[in-house]
Amino acid sequence: MEKRKTGKSREVYLDVLRILGCLMVIFNHTNERGFYRFPADDPGSASFFLDMTMSMISKAGVPLFFMISGALLIAREEPWRKTFRRMIKIGVDLVLFSLLYFWIDSMLLGTPFSLSATIYGMLGSNYWHLWYLYAYLVFLLALPILRKLAAGLDERTAWYLLLLAAIFMALLPVLGFFLPAGINDNLDIPWLTTNIFIYPMAGYVLTHKIPEERFTGKRIALLWGLNLCCFILGEIIEYQFLLRTPEQVGVITGYFDERFLINFCLVNAVTLFVTARRLMKRVTAGSVLQRLISELGADTFGIYLLHIWFLWKIPFFYGIWMRIEHTGVFGYHFGILVSCLATFVLA
């Protein structure tokens, strides 16, 4: 949501993260074609774990965008009215694109479109991928308060914030999975672990409170090792969840729980954030490449708004995607990635 700037005035690593996050979001919306494909695989097979890994990776897309917003907006000193003007712009996008997509669906399904019923329904629900705009509006609404809270943080408290989030978002849910009685619901900090708080604050503290030099090459390598362990643990839990038997009370055999795909999302998002910053600040990109990265980074919000249309709604392109995704071994395993990349370029 940052205004378009020239390549020289933009942080290249943030644009790289925007592009990466946008590709992840597109994959996250492939449903049974990609994101929900692993439950249909043979549990324990190579395809099963490959598909599940791609699904887990894609869940970092939205957190990365919230982290970027936190890094850019929480530390910015601006009048409240400017923050609220941002809300108006996002609100307009939300209404216009919601109406557009609901109208497109009515055309494709051959059902009548009701403007009043659609607007009324938007208050209680949302169109598929546009849930993010609702959450982003709430983030902007709370931004003046977040700025005051963030200003009082020192480095030690910033580390404590990330540690608490990791414990309550990752460790306790995992522990609750293995304990027969689970974890007491009162052992939670829901305001800390909600998307519109922890990820913007994580982006803010990593940019403004924790010195960049803390993340040396060795420490980033260790962070990637931790991230790998989190992926393995998350996949083991998801695998065990899918293998539950009907004898267990309330169990649906073969059902997966998306919570286990996002338990360690904070670790993955932080790892990607600090890695991209270190790499892009040490790599001298040519002016043409840097302008290209900055242009694509500036376009990602529009790509997010339009990608569902190109991924699912246009019969011509959908037919192409189906041929790509069902052609040979490569198509079955990686064709969806080609479709996602092509959708990114088209949008």
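Student: Which side chain meets that of Asp51 in a salt bridge?
Tutor: This is a predicted model, in which local features need pLDDT of at least 70, side-chain atom pairs count only at pLDDT 80 or more, and totals for chains, interfaces and linings use all residues. Residues are numbered from 1 along each chain as its sequence is written, and side-chain values use heavy atoms, with hydrogens and water left out. A salt bridge is a side-chain nitrogen of Lys or Arg within 4 Å of a carboxyl oxygen of Asp or Glu. With 2.8 Å from N to O, the partner of Asp51 is Arg37.

Student: How many residues apart are Asp51 and Arg37?
Tutor: Helices are DSSP runs (H or I, at least four residues), as are strands (E, at least two), numbered from the N terminus. Asp51 belongs to helix 2 (residues 46-58), while Arg37 is in the loop between helix 1 (12-28) and helix 2. The pair links distant parts of the chain, at a separation of 14 residues.

Student: Is Asp51 buried or exposed?
Tutor: Buried means under 20% relative accessible area, exposed over 50%, and partly exposed in between (1.4 Å probe, protein chains only). Asp51 has a relative accessible area of 0%, so Asp51 is buried.

Student: Which residue forms a salt bridge with Arg86?
Tutor: The closest N and O atoms of this pair are 2.8 Å apart. Both partners are buried. The residue bridged to Arg86 is Glu78.

Student: How many residues apart in sequence are the parts that Arg147 and Glu78 tie together?
Tutor: The side chains of Arg147 and Glu78 meet in a salt bridge at 3.0 Å, N to O. Arg147 lies in helix 6 (residues 131-151), whereas Glu78 lies in the loop between helix 3 (61-74) and helix 4 (80-109). The pair therefore ties together parts whose separation in sequence is 69 residues.

Student: Which residues have the most contacts inside the largest nonpolar core?
Tutor: A nonpolar core is a set of buried Ala, Val, Leu, Ile, Met, Phe, Trp, Tyr and Cys residues joined through side-chain atoms within 4.5 Å. In soluble globular proteins, nonpolar side chains tend to be buried together. The largest such core here has 87 residues, and those with the most contacts inside it are Met67, Leu130, Tyr199 and Leu206.

Student: What is the radius of gyration of the protein chain?
Tutor: The protein chain has 15 helices and zero strands. The globule rule, 2.2 Å times the number of residues to the power 0.38, is compared with a radius taken over C-alpha atoms. For 347 residues the rule gives 20 Å, and the chain is as compact as a globular protein of that length because its radius of gyration is close to this, at 21 Å.

Student: What kind of pair do the rings of Phe102 and Tyr127 form?
Tutor: Their centres are 5.1 Å apart. Their planes stand at 90°, so the pair is edge-to-face.

Terms used: Rings of Phe, Tyr and Trp (its six-membered ring) pair if their centres lie within 6.5 Å; planes under 30 degrees apart count as stacked, over 60 as edge-to-face and the rest as tilted.
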